[in-house]
Amino acid sequence: MQTQNDSQNKVGRPSNKALILDAADSLVASEGASHLTFDALSQKTGISKGGLLYHFANKDALLQAMLQRRVERFESLRKEHLKRLDSDPNKAPKSILLAALDTDAECARLGSGMLAAAASNPELLEPLKRHVNDTIKQMEQHLGEQVGRMLFYSVHGARLFEQLNLCEQCVTEREQFAEYLLNQVDKLTETHTGN
């Protein structure tokens with residue numbers, strides 16, 4: 001029988017769905033996408049395989065939820081940067097660039113692992129593709145097509161190098177890179193609006 005004290009302890013806990021997604025993120029980041037199985041998740045979370053399947057009908061549904069959570073995390077970071085840059089006339093494109101750079105090495109490994117897992121089923125990437133296309137359009141709207149795309153591709157190229165562990169400077173020089181990009185936004189915006 002559940003006591004009142006027991007139900008109060010559950011109030012502040014994350015949902016099983018969030019717990020499962022956290023565990024899945026951790027597994028993919030530390031061991032790679034090939035180790036993302038319901039058996040491994042069950043062992044890591046203490047939730048039965050049936051309990052996992054209640055929340056995620058299959059591995060594809062789990063991967064889709066993980067990718068969606070990455071998009072939501074990006075949007076949350078973008079909003080934080082947008083708020084911080086409130087008086088900056090170029091706050092919209094700058095917030096996009098900063099959010100794209102505002103991740104750590106574990107996020108980079110997680111991102112590459114999820115993309116590798118999702119690559120076997122391209123349909124899983126559709127929401128992510130829509131998000132990328134919408135973000136590119138926002139950059140173009142504020143900076144023009146060429147400048148918006150160039151800056152967007154620059155940031156994501158650096159992130160890809162990080163994800164694939166090809167470029168240590170991408171990590172160690174991230175702050176200088178971010179500062180340079182933000183300065184370029186200001187310079188290129190002057191050029192774009194001056195024409």
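Here is a walk through this predicted model, from the whole chain down to a few single residues.

Some ground rules come with it: residues are numbered from 1 along each chain as its sequence is written, and side-chain values use heavy atoms, with hydrogens and water left out. Because this is a predicted model, local features need pLDDT of at least 70 and side-chain atom pairs count only at pLDDT 80 or more, while totals for chains, interfaces and linings use all residues.

So how confident is the predictor? pLDDT is its confidence in each residue, from 0 to 100. The chain averages a pLDDT of 81, and 79% of its residues reach 70 or more. Residues 1–10 are another story: pLDDT stays under 50 there, and the model gives that stretch two contacts beyond four places in sequence, a contact being heavy atoms within 4.5 Å.

As for the fold, the chain has 11 helices and zero strands. Helices here are DSSP runs (H or I, at least four residues), strands are E runs of at least two, and both are numbered from the N terminus. Of the chain's 195 residues, 39% count as buried; buried means under 20% relative accessible area, exposed means over 50%, and partly exposed is in between, using a 1.4 Å probe and protein chains only. Take the contacts between residues at least 6 apart in sequence, and 63% of them join residues at least 24 apart.

Now to a helix pair. Two packed helices are described by the angle between their axes and the distance between the axes. Helix α2 (residues 16–31) packs against helix α5 (residues 59–84) at an angle of about 90°, the axes being 10 Å apart. That makes α2 roughly perpendicular to α5, a label for angles of 65 to 115 degrees (under 35 is roughly parallel, over 145 roughly antiparallel, the rest oblique). The axes are lines fitted to C-alpha atoms, for helices over the stretch in contact, and angles run from 0 to 180 degrees between N-to-C directions. On the α2 side, the residues that meet α5 include Ala18, Leu21 and Val28; their partners in α5 include Leu62, Met66 and Arg69. The residues of this contact split into eight nonpolar, no polar and four charged. Nonpolar covers Ala, Val, Leu, Ile, Met, Phe, Trp, Tyr, Cys and Pro, charged covers Asp, Glu, Lys and Arg, and the others, Gly among them, are polar.

Further along α5 sits Lys79, which is exposed at a relative accessible area of 53%. Its C-alpha lies 9.3 Å from that of Ala92, 13 residues apart along the chain.

Last stop, helix α8 (residues 126–143). Its 18 residues reach 26 Å from first C-alpha to last, close to the 26 Å expected at 1.5 Å a residue, where the expected span is 1.5 Å times one less than the number of residues. Its buried residues include Thr135, Ile136 and Met139. Just after α8, Gly144 takes a positive phi of about 90°.

How values were computed
pLDDT is the predictor's confidence in each residue, from 0 to 100.
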